[in-house]
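These are my notebook entries on one structure. I set down what I looked up, in the order in which I looked.

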Amino acid sequence: MTNPPTSQGTAELESAPAPIAVLRPLLPPATDVLPFLSRIDASRIYSNYGPLCQELQQGMARWLGAKAGTEGVRVVTASSGTTAIEIALRARALPGRRFCLMPSFTFIASAHAVCNAGLEPVLTDVEADRFTLTPALAEAALAQLPEPPAAVLVVSAFGAPPDVAAWEAFEAAHGIPVVFDAAAAVTSLRQIGHQPLAVSLHATKVFGIGEGGAVITTDGALADRLVANTGFGFASGERVSTERAGNYRISEYAAAVGLATLAGIDAKEQRLLRLGGLYAEALRNSPCRLQHGAGTEWATMTLNVVIPHERLDRTLRQLDAAGIQWRRWWGLGTHHHPAFADLRRTALPVTEDLAPRVIGLPFYEGLTEAEIGRVVEALR
Ligand SMILES: *Cc1c(COP(=O)(O)O)cnc(C)c1O
């Protein structure tokens, strides 16, 4: 309930600065999507890897391959980032094993995907500067498990480029398959190999289409299996289930938005990098540090600062008082969610220390320099 405005209340409202939202997604306007929608009217094909979906997969593969300097990239679309992770794990996890190593500090979707793939997450810590699981941390966790895991899920924190070479070496050394939850990293992939990179096409990610996801890999046989896995396990066009699967396809309408997004993606990435540059500059003398490379070396939609312990409560109060919305995008870590509180885990000192202090700031196309100035002022 809000009180009816009094003359004093009105005066206060007038003097209060306009609130600043933490995120305002921006997808292609309807006019950019319309030509693709008209093609659906003509084809009367609405799903099942129709022409728009094929074009989106091939267009994304060309775009990603050119960016990473890699030949033979395949893209398999899926209904969400979460289902993309799930099918990649299903396809790669070693049969007969139960555990999947994954960092506790991630968006909670990672843990749901691991469980939905029939595996039991084992939560590990992360490295403090980049917020990610490293091969050294995974090796330390292996030594504590009663049996070797089926797979490792490596999370790309808020869009940071995953270290594909390091994880290929890990897989070669230990014989444990690696899958990347690169949900927010679609524009920052610098290396693409056989290990599947699952990305999200959710509206809040750089390559937003509303809801959707994709798996990216150079392994053509794996890509074919993933296609089957998104459509009832039907392989090579036959209506015969070759393995347990589901329906994780995207419709032609989703692909239409995807094609419009793809057409503008490089320009969008540049706009976000420009905004990240403004923030990085404004924060140069701030006690709050940005995640390594965030916003400037790679584009993100969720820009976080790490606030020093002794300032945390005061800074959050200052942001609230200034009408500036902030968010702990990943909460306090997977082990703090009731649904996952009983999971096996290693010691998590970095996660416990870092997670409460990683604070998402307002960041979106249309945010002005003056508004960035207000945010940085409130961090002082
Ligand atoms: C966004 C995100 C997901 C989930 O993607 P959806 O498309 O929303 O299912 C998974 N993991 C991470 C790290 C994410 O940021």
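Entry 1, Leu 262. I began with the contacts of Leu 262, where contact means heavy atoms within 4.5 Å. Leaving aside its neighbours within four places in sequence, Leu 262 is in contact with Gly 59, Met 60, Trp 63 and Phe 207. Leu 262 belongs to helix α9 (residues 252-263); helices (H or I, at least four residues) and strands (E, at least two) are DSSP runs, numbered from the N terminus.

The model is predicted: local features need pLDDT of at least 70, side-chain atom pairs count only at pLDDT 80 or more, and totals for chains, interfaces and linings use all residues. Residues are numbered from 1 along each chain as its sequence is written, and side-chain values use heavy atoms, with hydrogens and water left out.

I consulted the domain assignment, whose bounds come from an automatic or database source; it gives domain 1 (30-260) and domain 2 (265-378). Their C-alpha centres lie 25 Å apart. Across the two, 45 residues of domain 1 are in contact with 36 residues of domain 2.

Which residues have the most contacts inside the largest nonpolar core? They are Phe 207 and Tyr 279, in a core of 125 residues. A nonpolar core is a set of buried Ala, Val, Leu, Ile, Met, Phe, Trp, Tyr and Cys residues joined through side-chain atoms within 4.5 Å. Helix α3 (residues 51-68) gives the largest share of this core, 8 residues. Domain 1 and domain 2 both give residues to this core, so it lies between them. Not counting residues up to four places away in sequence, Tyr 279 touches Leu 303, Leu 361, Pro 362, Phe 363, Leu 367, Ile 372, Val 375 and Val 376.

I took a pocket as an open set of points on a 1 Å grid over the protein atoms alone, where a 1.4 Å probe fits, with protein on both sides within 12 Å along at least five of seven lines; lining residues have an atom within 4 Å of a point. The largest pocket is lined by 25 residues, and Phe 107, Ala 183, Ser 200, Thr 204 and Lys 205 lie nearest its centre. α4 (81-92) and α5 (109-116) each supply at least two lining residues, and the largest share, 3 residues, comes from α4.

The buried residues of α5 are Ala 109, Ser 110, Ala 111, Ala 113 and Val 114. They pack against α4, β2 (99-103), β3 (120-124), β4 (151-155) and β5 (178-181). Gly 118 follows α5, with a positive phi near 85 degrees.

I found Phe 158 in the loop between β4 and α7 (164-174). Phe 158 is buried, with a relative accessible area of 2%, and its phi is near 60 degrees, a positive value in a residue other than glycine.

Technical notes: Buried means under 20% relative accessible area, exposed over 50%, partly exposed in between (1.4 Å probe, protein chains only).
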